[in-house]
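Below is a short briefing on one protein chain. Look at the sequence and the structure first, then read the points by topic.

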Amino acid sequence: MSLPATHREVRLAALPDGELTPGHFEVVTAPVPAPGPGQVLVRNRLMSVAAVMRPLTLADPDAFGLPQLLHKAGEVMRGAALGEVVRAPGTDLAPGTLVRHRAGWREYAVLNAPEVSPVDPEVLPDPAAHLSQGFTAWLGVVRGAGVRRGDTVFVTGAAGGAGSLAGQFARLHGAARVIGSTGSRHKADRLTRELGYDAAVLRGAGSIEEQLRAAAPDGIDVLFDTVGGEQLRAALALARRNARFALVGALAAQLSDDALAPTAISTLALITRSITLRGISAVDHQDAMPAYLSEFGRALREGALTYPYTRLTGIDQAPGALCELVAGRHLGAVLVEL
C-alpha cells in the first residue's frame, strides 16, 4: 500500500505546573517513520487515554523505578494503542495483522518486533476491549486480593478505567457486597445502576471513613486501590482481620503536585489484624493474560460484565480528553479513533 509522506502526533509542549490544560500539548505534523530490519511500521487505529498518563515531574525518578512513566517536554506522548501492520521487514508479521502496543498518540509508529503483540480478533467480542484496563482490574481482584465468596470489597476510583471493571470482576468471583468511591453523585448513581455496585462513597462529600463505615458497617475484606491517600487510610480503618489489599494505582499522589507523596498508615494495625498489602503490576504477571482474556471475553459475550468507554474521533481530541479525565469528567475508559 502507498503511504502518506506525513502523519500527526501529539507531543508534550511543557510539563504542567498545577492544572493540566490542552495548552501543555501540541499536535504536530511529522514524516511517517520508516522501519528497519526487525522493526514494524504500524498504522494506529485506536488509542487509549488514561489518567495515569498525566505528565509527571519528579526530582529523582530513577530512585523510584519510574522513568517509564515519565514524559519529557518535546517528546511524543505514549500510551496503549491498536493498529494494523503496514510493513515489517525481517519479521513474521504480515501486513494487515492487528497488533497492540505502547506507542499511541501518533497515527503511525515504528517499533521493534518484540514490542508489538498480535491480537486475535475472536478472543474479545469488541476489539476496543483490548485497550481496556481490564487486565489490571482482573489481576488486582484475582491475584492481588484473591476475592472469594462472601467478601465485602471496596474499590477506590470505581468510575475509572480499572475501577469500573474491578467491581464487576469482584462480583463474578463471589463478592457479596461491592462499594466504590467516585467524585460525583452522577457517577455514583451510574455505579449502582449500571455496574453492579451496592453503594458508593463520594470524594469531597465529607469524611471517606465515615461514609465507608455507613456503607460497610461490618468492615471490608478486600481493597482494590487505584487512589491511595485518604481512601487507603479509610479502608485500613474498616479492614477486618485477614483483609487483603491490592494496590494498583496512586492517583491521589499522581494527580497532585507531589507524585511521590507518601500515605501515612498504621503498621501496628496491619500486624494485629494480619492485613496484607500487595502492590501489583501487570508487567510481572503476563503469564496470566490467557486466563484473563478467556474470562473477560466470556463475561462480555454472556452479558455478565460490561465495558464502559467513551470513543472520540481524531488525534486532536486526545489532549482535551486527558485533561477531562484528570478532572474526573468521564466514567470508564476513553478511547480515541485515529
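**Aromatic rings and the core**

Phenylalanine 296 has a relative accessible area of 0%, so this residue is buried. The model is predicted.

Aromatic pairs

- Searching the whole structure gives 7 aromatic pairs.
- In one of the pairs, the ring centres of phenylalanine 169 and tyrosine 292 are 6.4 Å apart with the planes at 65°, so the pair is edge-to-face: planes over 60 degrees apart count as such.
- This pair joins distant parts of the chain, since phenylalanine 169 belongs to helix H2 (residues 163–172) and tyrosine 292 to helix H8 (residues 289–302), 123 residues apart.
- Phenylalanine 169 and tyrosine 292 are both buried.
- Tyrosine 292 also pairs with phenylalanine 296, and here the rings are stacked, at 5.3 Å centre to centre and 20° between the planes.
- Tyrosine 292 and phenylalanine 296 sit in helix H8, 4 residues apart, which is about one turn of the helix.
- The relative accessible area of tyrosine 292 is 3%, so tyrosine 292 counts as buried; the cut-off is under 20%.
- A cluster linked by ring pairs contains Phe135, Trp138, Phe169, Tyr292 and Phe296.

Nonpolar core

- The largest nonpolar core consists of 44 residues, and Val147, Val155, Phe169, Phe296 and Tyr307 have the most contacts inside it.
- At least two residues of this core come from each of helix H1 (134–144), strand E8 (152–155), H2, strand E11 (220–225), H8 and strand E15 (333–337).
- Apart from neighbours within four places in sequence, valine 155 has contacts with Gly163, Ala166, Gly167, Val178, Ile179, Gly180, Ser181, Tyr197 and Phe224.

Serine 132

- Serine 132 lies in the loop between strand E7 (117–118) and H1.
- The relative accessibility of serine 132 is 8%, so serine 132 is buried.
- Its side chain comes to 3.0 Å from the backbone oxygen of alanine 129, and to 3.0 Å from the backbone nitrogen of glycine 134.
- Leaving out residues up to four places away in sequence, serine 132 touches Arg100, Leu165, Tyr292, Phe296 and Tyr307.

Tryptophan 105

- Tryptophan 105 is located in the loop between strand E5 (98–101) and strand E6 (108–112).
- With a relative accessibility of 0%, tryptophan 105 is buried.
- Proline 33 is 72 residues from tryptophan 105 along the chain, and their C-alpha atoms are 14 Å apart.

Parallel sheet

- An open sheet is formed by 6 strands in the order E10-E9-E8-E11-E12-E13, with parallel pairing.
- Strand E10 (199–202) and strand E13 (276–279) are the edge strands, each pairing on one side only.
- From one strand to the next, the twist averages 15°.
- Strand E9 (residues 177–182) pairs with E10 in the parallel sense over 4 bridges.
- Threonine 182 is opposite leucine 202, which is in E10.
- Helix H4 (residues 208–215) packs on the sheet and touches E8, E9, E10 and E11, with its direction at about 170° to that of E10.
- Helix H5 (residues 229–238) lies across E8, E9, E11 and strand E12 (239–247), and runs at about 155° to E12.

How values were computed: Residues numbered from 1 in each chain as written. Predicted model: local features only at pLDDT ≥ 70, side-chain atom pairs only at ≥ 80, totals over all residues. Heavy atoms only, no water. Phe/Tyr/Trp six-rings, centres within 6.5 Å; stacked < 30°, edge-to-face > 60°. Buried < 20%, exposed > 50% of the residue type's maximum accessible area, 1.4 Å probe, protein only. Core = buried A, V, L, I, M, F, W, Y, C linked by side-chain atoms within 4.5 Å. Contact = heavy atoms within 4.5 Å. Polar contact = N/O pair within 3.5 Å; in protein donor to acceptor, adjacent residues only side chain to side chain. Pairing = 2+ DSSP bridges. Axes fitted to C-alpha atoms, helices over the stretch in contact; angles between N-to-C directions.
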